[in-house]
Amino acid sequence: MSRKKARAALLQELEEAMRRSSAQGVLYGQTVANVAGIANSDLECMDILYLEGRVTAGRLAEVTGLTTGAITGVVDRLEKAGLVRRERDEKDRRKVFIAVVPDAAMKIGQFYVPMQQAMEKICNGYSDEELRLLLRFANEGYKGVLAATEALKGLLDTPPEKRPALKLKKLRR
């Protein structure tokens, strides 16, 4: 097999492995959301809040790509479930922050222990240098997904008759 074909096969195998992992992660999150009694998308927003820290609804909309109206609904549902709270800025009472309720986050977080344990076991098989490479790949992959999301939004904002024809690469089996 030529070097070019071998690389193409390797890239395809990597893409498929990432898609399987991503799909399984979504299903895992859905299971946790079901147990928590909330929608999976709401759980993802809560996770972003947990990672970002206390943020405004506008910032949460920016990070998630959802509209501010959609975020209001998400925050309303999460607040009703006792998972987040709205906090007024002490300096500017017009400004409202959304914050995760720590005890509630811990209750949901317990369902991620099996995932943490499985990933820790896997990571123990890698050297620090390999972990740095994986971290770089994950961070660059995140940037790639952000760029792809923006491109998709632009595509969807274009009238269907003016959209460019996009073709998915065929998988070789």
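This is a predicted model: local features need pLDDT of at least 70, side-chain atom pairs count only at pLDDT 80 or more; totals for chains, interfaces and linings use all residues.
pLDDT is the predictor's confidence in each residue, from 0 to 100. Over the chain the mean pLDDT is 92, with 98% of residues reaching 70 or more.

**Basis of the values**
- Residues are numbered from 1 along each chain as its sequence is written, and side-chain values use heavy atoms, with hydrogens and water left out.
- Local features need pLDDT of at least 70 and side-chain atom pairs count only at pLDDT 80 or more, while totals for chains, interfaces and linings use all residues.

**Overall architecture**
- The chain has 7 helices and 3 strands (DSSP runs numbered from the N terminus: H or I of at least four residues for helices, E of at least two for strands).
- Along the sequence these elements follow the pattern α-α-β-α-α-β-β-α-α-α.
- The radius of gyration is 20 Å, whereas a compact globule of 173 residues would have one near 16 Å; the radius is taken over C-alpha atoms, and the globule rule is 2.2 Å times the number of residues to the power 0.38.
- Along the principal axes, the C-alpha atoms fill a box of roughly 65 × 50 × 30 Å.

**Packing of helix 4 (residues 68–80)**
- The axes of helix 2 (residues 40–52) and helix 4 come within 10 Å and cross at roughly 90°; axes are lines fitted to C-alpha atoms, for helices over the stretch in contact, and angles run from 0 to 180 degrees between N-to-C directions.
- Helix 2 and helix 4 are therefore roughly perpendicular (65 to 115 degrees; under 35 counts as roughly parallel, over 145 as roughly antiparallel and the rest as oblique).
- D42, C45 and M46 of helix 2 meet I71, V74, R77 and L78 of helix 4, contact meaning heavy atoms within 4.5 Å.
- This contact comprises 5 nonpolar, no polar and 2 charged residues (nonpolar: Ala, Val, Leu, Ile, Met, Phe, Trp, Tyr, Cys and Pro; charged: Asp, Glu, Lys and Arg; polar: the others, Gly among them).
- Helix 3 packs against helix 4 at about 110°, with the axes 9 Å apart, which makes this pair roughly perpendicular.
- A57, L60, A61 and T64 of helix 3 contact T68, I71 and V75 of helix 4, giving 5 nonpolar, 2 polar and no charged residues.
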